[in-house]
Structure formats: C-alpha cells, structure tokens
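Hello,

Here is the structure we talked about handing over. Please open it next to this email.

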Amino acid sequence: MKALRELKKWFPTGTAEGERAILEEAFIYIDEFDEVIEPPRGSPHLLIGRKGSGKTAVIDFSETVIERHGIPVIKLSPTDIDTSIITDDSSTGEMNKIFLDALILSICKKLSEKSIGWFDSDFYTMYSAAVEAGVRSPDIWGRVGKFFSSIAKGPTKIDLNSSFPHLTSATRSEIGGAVERALQGETVHIFIDDTDQVSNPDKPGHLNRIWSLLLAVRLLAEKIPQIKAVISLRTEVWERLKRDQAGQRDQTDHFSSLVVEMPGGNEHVEEIILRRLQLAAGRLAIAGDPYNPFFEGSAARAPGSNEARSWKHLLSVRSRGRPRDTIQLINALAKRAIQAKAPKITEKHFRDEMPGFSKKIVEQFAVETSGECPTAVEILRTFTRNAFNDSGYSMTSEHAFQHCLTLLTRFGITLYGIPLKHNDVAAFQIWSFLYISGVLSARASDSRTKNGFRHLDPMQDLTLVSKSRWNDLQKLMWELNTVYRDYMTNISDDIEASIGLAVKVKARESKRIRKK
C-alpha cells in the first residue's frame, strides 16, 4: 500500500488548496503562464476556463514566481472588494466608480497586510477619506499614479535552480525565458481570481457588475502604466457576457483580444495524469510504465460494459475535460484500494467506485449551474437509456431536439433568469445549454480518425445548436457525457425495477385446516 499512499500525495483532493503543496513539481501550464505574466500595456489579461480547469493554479504559480523575483504582487478575490453599496438600481456609471474605488482600496489593504515596505499609509488614509466623503481632488490620478510608481519594483536576479528546485530542468528553462521576456521595468502585478462571484448571474442586470469590474481594472491599467493585471473568469460566464442583450456587448471586441484560454479536453487531462504518475513513481524509484505501480493490469472494464479499455482512457473520459475531476477520481480510487488493503487499484475498485463518483459529479454540476438553470439536474435525469434512439447513450439530432421540446411540457424551466415557453426556440436553448455545459457531446464523422469520428468542442462553435444551423446539426450524433452514464444507468435501473403498482402478494391459503 506504500505505492497507493504515495499516489494520493500527487492526486490530493482536486481543490486549489490541496494543489498548492505540489504546485511547483506538478505544474504543466507553461504556455498559459507565459501569456498571463505579460499583459499588454494599459490592458488586463482575461484568464478564461471552466471550473476546475486550473485557472487558480496558473495564478498561484505566477504569483509565486513574480514574488520571488522581488516584484510587488497582489492576489484579490471578490470578498476582498467591498461593493456592498451597489444596489439593483445602480447604473453602469455608478457601478464603474464604486468598483474603481473599491479596487484601489482593496489593493492598498492587501499591501498593508503584506507589511514588506511597499505600503504608504498616508496614501491609503487620503484615498479612503476621499471615497467616504464622495469627493476627489482634481489631481487624484496623479496622486494615485505617484503612489504606484513609488511601490513598483523591477525584477531581482535570482537563481532559478535554488528558487525552484522541484521543477524539471526543461520547465525551469521555459520559465526563465518567460520571466526574462515579461518581467521588465518597474511593475506591480495584480491578480483577481473567481471574478464571477462579484455578481449573481441569474439576476437580470447582474452581469453588468462583472463588466464594471473589468472596466475598472482596465481603467486602472490605462492610467497607471506600472500595473499589470490578470482577471480570471469562468468560461460559461464569459460566454454569457458576450451574448447578454442587456449588458455591455459593445465591450466584447475590446476584451476578446485579451483572452488567455485554459486548455481542456481528454488529451490535456491525460498529460496531467501522466506527469503526476511519473512523479509518484519517481519517488518510489520505480522505472517503466508509470501506470503499472498503481493500477492492476493495462486495462479494465467500466460498470455495465464488457469492453476492456486502457486505464488512461477510463480515467480521462470521466473528467469532463477538467483536471479536477480526474484528480478527485484517482484520489477516491486510491482510498478505496487502501481500505481494501490491496497493493494496486483493480477493475473491481473502479467498477465499485464509479456509481458514487458519478453521483458526486452530478451534484457538482447542480451547484455549478444553479445560477444559469435551477432545474439542470432534473433535465439531466430525463436522459435515461430509453431517451436515446441509437446504441448506448447516443441519439440523432432530430431525437435530441424532440426530447428537449418535450421537456418544456413536463416541468417549468428557467434559463439565465428567463422562464422558457413551449416552442422551438426554447427547445434549441435547452439543447445548446446541455451542449455548452458538457452534458451532451456532439460526434461528427471523420474518416481520418482511428474510430471514424471525432467529438466537437462547443467552445469552438457556440452557435452550433440553433435553428439556423439545422442542416449542420443533422450530420451529427449526440451522446451523454461518459461521466454521467454511471449515474444515469442507476436511475434507469431504478425506473425499470419500479414499473407497476406495489401490490402485496397474497399469502397462500393453507390447504389443510387444522382439526380442533
């Protein structure tokens, strides 16, 4: 079990907090790091990715690198930015002003907490008093600029070998090149994580709060050239900002060129699994296939399947393209094997674990989509085996459309704060939501691939599921995401087992009557 305990160290919990302990050794987001630490002059970078895609890991690693080079760096979360005076009636102009004031004050507060000689308490007192009084001196930007100029620092030459001893030599070399290109001149770096939490996206007009924060950060970067800012945002929220009819859609073009997208997909997840398995095997001084010390055999069967698949495939397809999902799964498998006092993870452990893990993913999905669609799980639960008209959990586009149309007659559905009516437009909206959120995946024929098909990335074609694209849709097949199938198989089994009324079986009458 020594091997499995070592495995757990490299696949902790999947949360940002659990990842920090192994961040330097397991870090693979070199391309994203390279872009993030060098936003263009006068503008922030937007780090866009799904929940669990690694945005916080990139920010935490960037913060560490910049700080070790002696440059002031601050990481903020929405809880650090006090916008309590914003009301549902606040205009965009009012929100922009509130966010700008709150942003500057929160930066000052963070600097004071670090207590390493960067903070000017006189400036904080002056600006805080001006905000409270609702007035600013005519030279306010000059004074703000002077303050940031006084704390900005250039990079200190450091030895990357001693500062980052756990990095591989290749990674260290790439980071050194990125740092040399990006960290030039005197700067102050600001990272704002989980930006979508400044609003309640399901409430009308609340997306404007996110726009106000983005605009406030951009204004700060424009006015103060020493500031280098990065803002993280969930993919789903960014796509809503771009489509929001009542928001600041005119700003989308200005920010689109500033987007840094987190990688996704099964291949990326496989790369992360391999890196961590190699690290774990290395600690055990075991060479060869890094799967071998931890998994029994080269392949296994999923619940309800007789087809053996490689461990790499089984683990990656149950990730929703998100590293966090797979990290949590491998952690759970290691725990189960340890509890069974087994030396390795076996097919039985996998088959026993998947129904419960699949249910946990459904629960996470419910939380993630509660703002966009409160009935998302109820919709998911309608995709039982009988809902599909092709082998496995697959269906044609016509069948998918009809299923979504029928849903509107079964229960009320609210999407993005708007109750849907029973019509074709609403059916396409539900279908599009399921596609973009990763519940349904689109499969296109492709003779160039080994299996004769490929899966489409919804982020590359957000308008695919729409009435105007019906001809394109008819060429596709649709299937339920693999990670949800184990959960839906249990739901299907329960439904099939409960057909009919629960009538008690009458006890047989005794054939003999006891004589008195």
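My notes on the sheet and the cavity follow.

This is a predicted model: local features need pLDDT of at least 70, side-chain atom pairs count only at pLDDT 80 or more, and totals for chains, interfaces and linings use all residues. Numbering starts from 1 along each chain as its sequence is written, and side-chain values use heavy atoms, without hydrogens or water.

**Sheet.** Five strands form an open, parallel sheet, ordered β2-β3-β4-β1-β5. Strands (E, at least two residues) and helices (H or I, at least four) are DSSP runs, numbered from the N terminus. Pairing takes at least two DSSP bridges between two strands. β2 (73-76) and β5 (259-261) are the edge strands. Neighbouring strands are turned by 20° against each other on average, direction ignored. β1 (45-49) and β4 (227-234) pair over five bridges. There, I48 has L233 of β4 as its bridge partner.

**Helices on the sheet.** α11 (207-223) touches β1, β3 (188-192) and β4, at about 165° to the direction of β4. α12 touches β1, β4 and β5, at about 95° to that of β4. Contact means heavy atoms within 4.5 Å. Axes are lines fitted to C-alpha atoms, for helices over the stretch in contact, and angles run from 0 to 180 degrees between N-to-C directions.

**Cavity.** The whole structure has one cavity of 30 Å³ or more. A cavity is a set of points on a 1 Å grid over the protein atoms alone where a 1.4 Å probe fits but cannot get out; lining residues have an atom within 4 Å of a point. The lining has 14 residues, with E236, E372, F433, I436 and S437 nearest the centre. α12 (235-243), α17 (347-368) and α20 (424-436) each give two or more residues.

Best wishes

Notes: 1 Å grid on protein atoms, 1.4 Å probe; cavity = no way out; pocket = protein on both sides within 12 Å on 5 of 7 lines; lining within 4 Å. Points joined across faces, edges and corners; volume = space filled by probe spheres on them.
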